[in-house]
Amino acid sequence: MSDLEQMYQQVIMDHAKQGRGKGLVDAQSRRIGESHQVNTTCGDEVTLRVGLNGEHIDSLSWDGAGCSISQASVSAMTEILADTDIDTFEEAFDAFRELMHSRGEPLDDEHLEDLLGDANAFVGVGKYPARIKCAMLGWSALRDALAKAQS
Amino acid sequence: MITPEQIRDDFPILAREVRNGKPLIYLDSAATAQKPTAVIEAVDAFYRTTNGAVQRGAHLLAEESTAAFEDARATVARFVGAQSGEIVWTENATYALNTVATGIAHASAGIGGEAAARYRIGPGDEIVVTATEHHANLVPWQQLAAITGATLTWIPIDGEGRVDLDNLDTVITDRAKVVAFTHVSNVTGLVTPVEPIVARAKHVGAITVLDACQSVPHMPVDLHALGVDFAAFSGHKMLGPTGIGALYGRAEMLETLPPAVFGGGSVATVTMEQTTWLDAPQRFESGTQPVAQAVGMAAAVEYLEAIGMENVAQHERELGAIMRAGAAELEGVRLLGPVDGGDRDLIGIAAVAVEGVHTHDVGQVLDDRGIAVRVGHHCNHPLHKHFGLTGSTRASTHVYNTEDDARAFVEALAAVRPFFGVS
């Protein structure tokens with residue numbers, strides 16, 4: 001598999017075409033946070049809405065436009081973090097960021113790999129520093145939205 | 001006639017390998033151009049043998065540095081058909097354009113006194129740009145309008161991005177005080193006919209400012225012949241170093257424009273209460289100057305002069321035509337701007353949108369083949385909006401590119417949609 005094929009694995013292409021949780025929904029949760037993130041270098045955009053009940057993420061939806069990496073990444077993130085909690089998000093966020101800075105090496109930790117699910121497929125992005133921002137866009141949006149929901 | 005295979009030997013970077021050991025195919029010269037050995041060595045030699053502070057000090061190195069700095073100014077001036085005193089060193093073209101806009105703002109606030117009265121603008125006055133400007137030649141004027149209360153208006157473009165010359169008399173009204181426009185679009189590569197715009201601006205007494213960033217590096221430009229009041233261009237796009245650019249101002253215009261930046265090196269006398277300015281161009285050159293960069297820019301000029309700008313222009317015209325015609329024929333690929341300009345000249349640029357594939361993903365496929373292009377909006381949001389897009393993939397040439405490079409771009413583009421399974 002070439003570096004290019006490694007970056008654009010089939011699972012990523014599928015997420016890019018069929019975004020999970022795509023389309024903002026009205027959250028009925030006690031606390032709602034929304035974040036709009038833009039990658040100014042290329043115009044990638046994600047608007048993400050999170051609903052919290054206590055520590056529980058009981059609603060997660062987004063809308064966006066941009067490159068396949070940014071859109072697939074927010075989709076995969078939504079799939080693994082919907083119906084989890086803030087601690088899980090924080091652990092997954094750190095693991096995903098580590099994956100992005102691993103220069104294309106998978107995480108050597110079974111627990112974290114299980115946690116990241118489809119998001120492990122973004123391992124190839126680590127070889128292309130310019131694209132890390134694309135892959136992190138949705139994650140940054142969720143972190144920001146959670147902070148807003150909690151404030 | 002140009003033999004790019006020979007010219008390529010002058011550019012050490014073109015010998016390196018990039019992704020997956022592929023040879024580099026550099027098609028991003030509109031963003032920044034590569035540097036010939038002559039430029040690299042001129043900068044190197046300056047630091048090794050000459051370096052001293054310019055326009056001050058009496059020791060030998062200071063004298064030699066000042067001479068090198070002023071010789072470089074004369075060389076760059078000659079290259080664009082100007083007098084030495086009409087060239088102001090700036091950090092880059094963006095700073096050059098801001099020097100004019102800010103100088104006008106300062107004049108409008110009373111700085112420069114009666115001598116600068118011609119630069120005063122305010123409510124009821126108009127600043128005219130075109131709808132195809134790079135942000136560097138749009139935002140300063142937009143902000144100048146906000147500062148002074150003047151109104152920003154713009155010359156429209158047609159569906160393919162040509163500046164519309166048919167209605168200049170109604171767009172450039174007698175309230176126009178500044179007309180700022182690009183010589184060559186950094187997205188479509190279209191050359192703007194300067195003469196009719198300058199003629200209309202002169203008729204209403206407006207100051208003309210030319211963004212020559214994409215013209216001076218690629219074609220013969222004679223600023224006196226064009227008749228513009230100001231022009232801006234950068235060193236790094238014309239094979240020179242980064243951190244150096246030039247503002248051209250017609251002698252009688254520079255004479256009265258107040259400085260944009262205040263400090264040492266630009267002043268004649270300073271008391272606690274007030275300051276008088278040096279004559280141009282020193283008035284605009286506050287602070288320690290980028291001397292090695294100026295020397296490098298002059299070396300780039302001499303390198304280009306030896307090839308001949310007519311030859312450069314013809315070579316790049318041909319490469320641009322190959323890229324645009326090839327791209328336009330591909331299924332699902334849309335060219336921004338015309339394949340053939342008709343009555344408008346074009347430089348070696350092809351910007352495309354690939355249907356169903358984001359520009360960042362397009363760039364990645366090209367990068368995998370060793371092809372360096374620009375992706376995104378190229379600092380030109382309004383023009384992309386005009387085309388109904390948020391970004392594009394732009395290939396741009398310089399003198400070192402070959403027909404094989406141009407064809408490699410087209411072949412790589414053809415592979416993009418199949419790679420992503422888009423049909």
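User: What makes residues of domain 1 of chain B count as in contact with domain 2 of chain B, and how many are there?

Analyst: Two residues are in contact if their C-beta atoms, placed from the backbone, lie within 7 Å, and in this predicted model 26 residues of domain 1 of chain B are in contact with 21 residues of domain 2 of chain B. Local features here need pLDDT of at least 70, side-chain atom pairs count only at pLDDT 80 or more, and totals for chains, interfaces and linings use all residues. Residues are numbered from 1 along each chain as its sequence is written, while chains are lettered from A in the order in which they are written.

User: Which element supplies the largest share of the side of domain 1 of chain B that touches domain 2 of chain B?

Analyst: The largest share, 6 residues, comes from α11(B), a helix being a DSSP run (H or I, at least four residues) numbered from the N terminus.

User: How do you know what classes of residue make up that side of domain 1 of chain B?

Analyst: Ala, Val, Leu, Ile, Met, Phe, Trp, Tyr, Cys and Pro count as nonpolar, Asp, Glu, Lys and Arg as charged, and the others, Gly among them, as polar; therefore sorted, that side has 13 nonpolar, 8 polar and 5 charged residues.

User: Where do the two domains of chain B run?

Analyst: Domain 1 covers 4-30 + 308-416 and domain 2 covers 43-304, with bounds from an automatic or database domain assignment, and their C-alpha centres lie 28 Å apart.

User: How many residues does each chain give to the contact of chain A with chain B?

Analyst: The contact takes 10 residues from chain A and 14 residues from chain B, and the side of chain A has 5 nonpolar, 4 polar and 1 charged residues.

Technical notes
Helix = DSSP H or I, 4+ residues; strand = E, 2+ residues; numbered from the N terminus.
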